[in-house]
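Work through the exercises below with the structure open. Try each task before reading its solution.

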Amino acid sequence: QKRTKHDLIKTARVLLGDGYYGRLVDQRGFAQLAGARGDYSATDIILPLADDPEFADIMINSLTAPTYERHFFGGDATSFEAIDAADRFNLGCVDNMSLFLSEMANPIQPIRMVADPSGGEPLYVLYVTPRQWHDFYTSTSGKDWQAMLAAAMERSKGWNHPIFRGEGAMWRGILVKPYKGMPIRFNQGSTVKVCAANSATGVEVDKVAGTTIDRAVLLGGQALANAFGSGEQGGSFGMHEEKTDHGNSTEISISWVSGLQKIRFKQRNGNIQDHGCMVLDTAVSAVAR
């Protein structure tokens, strides 16, 4: 005799599509771009840890570590294993990445979107974890912070693009935004695969995190490919509905055929490089509970 004013079937379809599917694609895509799943886990994260038996099946395409010239580190660290607790995310990290982009012989392509009124001014987006954003905010002077907020507002004028909604700070052509979906975090003592040198195949070696490390991802253009295929019903997506529990309940499921992969190309010098993204590893401050 239970009654509800909600259309449960309609609600289930929305939760499966915008909720489950959207979140899973975001988490798979971010892991691909970061080149690692990390150690962070929570009840609202769908993607399991890399040592889970289902991880490889869910990801479909394997993760590849950031290539040597696309991997940056906070503070005075020059390698992953050299990062210590003082090498946190701050304005200097953004300066270093902006300088590197300016001096690259073949820089990653900036983001290009329809109706951008800037006239071709380069735009990159740096997604940082909540803890990196906290370190960024607490280490930046009020004057610099106001300048970054004003720059973000100026860049968004006449455009009103969703990428500028919510929190965000602009500095030297890089829009810094907190990414709250699934932080890529490595606990102290974790073994992480990195590319320790340039190579034709992106040779990976194991390094050990000396402290808690979070990974930010800088995005340019054409960083991630999403390929779709046809399922049994002829389309990329399908929804199935059937009765269960002797006809007393309705079960709804969705299915789709797709695969995400970070884009890489071999350079003229023979070395392979990530095409549209770079990563930045920094230590993060501890949070008192």
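A residue counts as buried when its relative accessible area is under 20%. Keep that cut-off at hand. The model is predicted.

**Exercise 1. Cysteines**

Task: Decide whether Cys-93 is buried or exposed, and find how many disulfides the structure has.

Solution: 
- Step 1. The relative accessible area of Cys-93 is 5%. That value is under 20%, so Cys-93 is buried.
- Step 2. Recall the bond rule: two cysteine sulfur atoms must lie within 2.5 Å.
- Step 3. For the sulfur of Cys-93, the closest cysteine sulfur is in Cys-277, 18 Å away. This is too far for a bond.
- Step 4. For the sulfur of Cys-277, the closest cysteine sulfur is in Cys-195, at 12 Å. Again, this is too far for a bond.
- Step 5. The count by this rule is 0 disulfides.

**Exercise 2. A glutamine in a helix**

Task: Which backbone atoms lie by the polar side-chain atoms of Gln-32?

Solution: 
- Step 1. Locate the residue. Gln-32 sits in helix α1, residues 8–34.
- Step 2. Check its burial. Gln-32 has a relative accessible area of 0%, so it is buried.
- Step 3. Look for polar partners within 3.5 Å. The backbone oxygen of Asn-61 is 3.0 Å from a polar atom of the Gln-32 side chain. The backbone nitrogen of Lys-262 is 3.3 Å from a polar atom of that side chain.
- Step 4. List other contacts, skipping neighbours within four places in sequence. Among them are Met-59, Leu-63, Leu-224 and Leu-260.

**Exercise 3. Aromatic rings**

Task: How are the planes of Phe-30 and Tyr-179 arranged, and those of Trp-133 and Phe-136?

Solution: 
- Step 1. Start with the total: the structure holds 10 aromatic pairs.
- Step 2. Take Phe-30 and Tyr-179. Their centres are 3.9 Å apart, with 10° between the planes. Planes under 30 degrees apart count as stacked, so this pair is stacked.
- Step 3. Phe-30 is in helix α1, and Tyr-179 is in the loop between β4 (174–178) and β5 (184–186). The pair therefore ties together parts 149 residues apart in sequence. Both residues are buried.
- Step 4. Take Trp-133 and Phe-136. Their ring centres are 6.0 Å apart and their planes are at 65°, so the pair is edge-to-face.
- Step 5. Trp-133 and Phe-136 are buried.

Conventions
Residues are numbered from 1 along each chain as its sequence is written. This is a predicted model: local features need pLDDT of at least 70, side-chain atom pairs count only at pLDDT 80 or more; totals for chains, interfaces and linings use all residues. Side-chain values use heavy atoms; hydrogens and water are left out. Buried means under 20% relative accessible area, exposed over 50%, partly exposed in between (1.4 Å probe, protein chains only). Helices (H or I, at least four residues) and strands (E, at least two) are DSSP runs, numbered from the N terminus. A polar contact is a pair of N or O atoms within 3.5 Å; within protein, one must be able to donate a hydrogen and the other to accept it, and residues adjacent in sequence count only if both atoms are side-chain atoms. Contact means heavy atoms within 4.5 Å. Rings of Phe, Tyr and Trp (its six-membered ring) pair if their centres lie within 6.5 Å; planes under 30 degrees apart count as stacked, over 60 as edge-to-face and the rest as tilted.
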